[in-house]
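The sequence and the structure are shown first, and the description follows.

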Amino acid sequence: MSERGLERLGASMGIVWFVLVLASALVVPRPPGIDDSTSSIAAYFSDNHSRIPLSAALGALAGAAFLWFAAHLGRRLQRAEGGAEAFSSIVFASGVIFAVFGAIRSLPYSTLAMLSQQSEAGDAGVVLEPTKGSDHRKI
């Protein structure tokens, strides 16, 4: 691929990132709030057990697109700086950190969606709802 083609591809990765992040957010319904009941939170993860990993996969692809875009942007800045690399390294490092935090953000949701299915299959209770006294009941 020519230099010009790589430049266009790098620049278009910013748009690809936006589309993938938007798709990742729209694939799952709004999660329950922190003050919602335990049973409604467990039902959310159980009902969306296939959508949540799909959202995480789209988010991972978005992270890869963003890394490519950050590398492209860093290279463009390096050329503009005349090789001094004052800001280009910072831009790329910030892009890496942003992509890593984006990937880490989806891990708890994916884990809870997977565990909700194991609980329904008869494995040991994963989500316990506190009741009066020290007893817990399985949701």
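Ser 55 lies in helix α3. The model is a predicted one. With a relative accessible area of 12%, Ser 55 is buried, because residues under 20% are placed in that class. When neighbours within four places in sequence are set aside, the contacts of Ser 55 are Ser 24, Val 27 and Val 28.

Val 28, in turn, touches Tyr 44, Arg 51, Ile 52 and Ser 55, again leaving aside its neighbours within four places in sequence.

## Overall architecture

The chain contains five helices and two strands. Along the sequence they follow the order α-α-α-α-α-β-β. Of its 139 residues, 23% count as buried.

Among contacts with a separation of 6 or more, 59% are made by residues 24 or more positions apart.

## Nonpolar core and surface patch

In soluble globular proteins, nonpolar side chains tend to be buried together. Here the largest nonpolar core has five residues, namely Val 28, Tyr 44, Phe 45, Ile 52 and Ala 113. Ala 113 is also found 8.6 Å from Asp 47, C-alpha to C-alpha, although 66 residues separate the two in sequence. Asp 47 belongs to helix α2 (residues 38-47) and counts as exposed, at 60% relative accessibility.

Leu 67, Phe 92, Val 96, Ile 97, Val 100, Phe 101, Ile 104 and Leu 107 make a nonpolar surface patch of about 700 Å². Helix α4 (residues 88-105) contributes the largest share of this patch, six residues. Leu 107 is located in helix α5 (residues 107-120).

## Aromatic pairs

The structure holds six aromatic pairs. In one of them, Trp 17 and Phe 66 are tilted relative to each other, with 5.3 Å from centre to centre and 50° between the planes. This pair links distant parts of the chain: Trp 17 is in helix α1 (residues 3-26) and Phe 66 is in helix α3 (residues 51-81), 49 residues apart.

The two partners fall into separate accessibility classes: Trp 17 is partly exposed, with a relative accessible area of 23%, whereas Phe 66 is buried, with a value of 17%. Ring pairs link Trp 17, Phe 66, Phe 69 and Phe 98 into a cluster.

## Salt bridges

Side chains of opposite charge can pair when their charged atoms come close. How many salt bridges does a search of the whole structure find? The search finds two. In one, the side chains of Glu 7 and Arg 76 meet at 3.3 Å, N to O; this pair links distant parts of the chain, with Glu 7 in helix α1 and Arg 76 in helix α3, 69 residues apart. In the other, the side chains of Arg 79 and Glu 7 meet at 2.7 Å, N to O. Arg 79 is in helix α3 and Glu 7 in helix α1, 72 residues apart.

Through these salt bridges with shared partners, Glu 7, Arg 76 and Arg 79 are joined into one network.

Note on methods. Residues are numbered from 1 along each chain as its sequence is written. This is a predicted model: local features need pLDDT of at least 70, side-chain atom pairs count only at pLDDT 80 or more; totals for chains, interfaces and linings use all residues. Side-chain values use heavy atoms; hydrogens and water are left out. A nonpolar core is a set of buried Ala, Val, Leu, Ile, Met, Phe, Trp, Tyr and Cys residues joined through side-chain atoms within 4.5 Å. Buried means under 20% relative accessible area, exposed over 50%, partly exposed in between (1.4 Å probe, protein chains only). Contact means heavy atoms within 4.5 Å. Helices (H or I, at least four residues) and strands (E, at least two) are DSSP runs, numbered from the N terminus. Patches are made of residues with over 30% relative accessible area and no salt bridge: like charges are joined within 9 Å, nonpolar side chains (Val, Leu, Ile, Met, Phe, Trp, Tyr) within 5 Å. Accessible areas come from the Shrake-Rupley method with a 1.4 Å probe; for residues, only the protein chains shown count as cover. A salt bridge is a side-chain nitrogen of Lys or Arg within 4 Å of a carboxyl oxygen of Asp or Glu. Rings of Phe, Tyr and Trp (its six-membered ring) pair if their centres lie within 6.5 Å; planes under 30 degrees apart count as stacked, over 60 as edge-to-face and the rest as tilted.
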